[in-house]
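Work through the following exercises with the sequence and the model at hand. Each task is followed by a solution in steps.

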Amino acid sequence: MAPTTLITFNKVQLAYGHHPLLDHADFSILAGERIGLIGRNGAGKSSMLRLLDGRTQPDDGDIARAAGLRVATVEQEPELDETMTVFDVVNSTDEDHEDWQRASRVRSLLERLGLPNDALIAGLSGGTRKRVALARALAGNPDLLLLDEPTNHLDFTGIAWLEDLLRGWKGSAVIITHDRRFLDAIATRIVELDRGRLLSFPGNFSQWQERKAQWLESERLEQARFDKLLAQEEVWIRKGVEARRTRNEGRVRRLEQLRYERAERRERQGNVNLALAEGQRSGKLVAELEHVSKAFEGREVIKDYSTMLLRGDRIGIIGPNGAGKTTLLKLMLGRLQPDSGSVRMGTNVEVAYFDQMRSQLNETDTLADVISPGSEWVEIGGTRKHVMSYLGDFLFSPARAGSPVSSLSGGERARLLLARLFARPANILVLDEPTNDLDIETLELLEALLQEYTGTVLLVSHDREFLNNVVTQTIANDGPGIWNDYVGGYDDWLAQRRVVAPATTAAPESGSGSKTPADAGSTAQENKNTPTAARPKPAKAARLSNWESRELDGLPDAVAKLEAEQAELSGKLADGSLYRDAPDEVTRINARIAAIEQELETKLERWEALEARRDGN
């Protein structure tokens, strides 16, 4: 039995401005589908959601809906009544008909989602507000769920929760998101809105990437054949008088049609052209934190944490919402003083800060004023550029240079803030949730830029793929006030955290917490220096045999050799390109580091036992 068709677009047209957002588009949604809707910022994705839920009507074409279809939409920034409780908001409905089961369904839903019934909306975090909006949408038992950037404001736990919810969702869903890992986890089909057309690809995001490359190459070859034919016909029409007298009128009409088709062709929008205005090099030391603690209203968000930031580090800072990531950033930059401990700043530090709240943008400023106030020129990497040309690098046309910030969409604001950030000479980039609102292609270009950047990068993000592709080191919140350093990105943090968790059943006394593979050499040294403190003494002493004496004499060299190998492997993991170019090698290295750790523990235990017997203890 074929699945039910919920919504069908037939030759739908929708336009705002010069180019249509939808240009004679055909599209359908089947029951049980989870569609990832992707496309460039400004392509019209949010406008398409408004067509799907009926808030907007098409300029032309038909939209057919199944009888009795229930549609629920969760906006990118949900509007919730600040004075109401969570229960009242989720229980509220715009429908006129009575739903006697709704209240009991809402209570059950809130309990399942872990939301506080009586809490006021005004006191909730952005992530909890997003959960409340999702709960309100689910409470109506919709057949079709429309989600606009649902992972914005959610931390890793919230994103995992939403993935599980959608995978178990019996209805259909259309999701606009830039989160590639999220799309891989939940999408059964990818639909790209590109130049007014809706291109459908079965499967998840990774499968779409393979098919899209093939599709773009086919489009390129087809356009090349078209352009060659048009050029040949233009040569023919421009022949001498005799040729024109005898020309075939049908061929002339075909040329006119070819010219029209070429004029109507919408070229694929170019990519953002990212380049950084790097300042002078900072000193080798960027910042050093020693036993730093910080508390707010009696809650300790950073407890006895020590770390060192060096020039060229690309560090990801991760943790749940409210853990203190922004606080840690401000301590590292010297913008906030610790309650205890010390922060030492390096020399020649020039910071460029990307603010997740976009608070650096003045609503009334023009785009040109944001980039270069009082001047028509910016200097990027030693090259002087006119502000109009520079805005064009970030896909803003010259006609929009005089437009106010208030006219921009969320994605355009993010692009503008990146443009402003990169126009300032800096040797430290601080990026606080830079991926929110950026389209996928711009994200990939930003990744490539940061991989080549020679300065220092401090990145706060919940985009797992972005973290994996950019950072070489992770500072993670592993519990209230506890911050630990790890080699690698998000997946490496998960793997290392699982390895060390059994060994840290008691709360660590300092923020350095559990050891990473890079710390293993120092761990071994600590164990070697204090071997008898950790284990009971043998009950009975006995003289060493000759072969045991030789074994004891060889153990220091054996331990040193293992520590040297471990340090070499940890050094390889510090190369960020390895995670991108050779993930299998990363897995092999991590496995070998774990094996070395076990060997070291065995040899140190043997060393301790033999020394105790030799000394008669």
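**Exercise 1.** Find the ring over which the charged end of Arg415 sits.

Solution. Apply the criterion: CZ of Arg (or NZ of Lys) must be within 6 Å of the ring centre and within 35 degrees of the ring normal. The charged end of Arg415 meets it over the ring of Phe396, at 4.9 Å from the centre. A second case is Arg131, whose charged end sits over the ring of Trp161, 4.6 Å from its centre.

The model is predicted, so local features need pLDDT of at least 70 and side-chain atom pairs count only at pLDDT 80 or more, while totals for chains, interfaces and linings use all residues. Residues are numbered from 1 along each chain as its sequence is written, and side-chain values use heavy atoms, leaving out hydrogens and water.

**Exercise 2.** Classify the aromatic pair formed by Phe9 and Phe27.

Solution. Rings of Phe, Tyr and Trp (its six-membered ring) pair if their centres lie within 6.5 Å; planes under 30 degrees apart are stacked, over 60 edge-to-face, and the rest tilted. For Phe9 and Phe27 the centres are 5.6 Å apart and the planes stand at 75 degrees, an edge-to-face pair. Next, place the residues: Phe9 is in strand β1 (residues 5-15) and Phe27 in strand β2 (residues 20-30), so the pair ties together parts 18 residues apart in sequence. Strands are DSSP runs of E with at least two residues, helices runs of H or I with at least four, numbered from the N terminus. Finally, check burial, where buried means under 20% relative accessible area, exposed over 50% and partly exposed in between (1.4 Å probe, protein chains only). Phe9, at 2%, counts as buried, and so does Phe27 at 7%.

**Exercise 3.** Which residues of α3 are buried, and how are they arranged around the helix axis?

Solution. Start with the length: the 12 residues of α3 (residues 102-113) should span 16 Å, and the end C-alpha atoms are 16 Å apart, which agrees. The expected span is 1.5 Å times one less than the number of residues. The buried residues are Arg102, Val106, Leu109, Leu110 and Leu113. Viewed down the axis of α3, they fall within an arc of 100 degrees, so they line one face of the helix. That arc is taken from the directions from the helix axis to the C-beta atoms. The face turned away from the buried side carries exposed Glu111 and Arg112. Just after α3, Gly114 has a positive phi of about 70 degrees.
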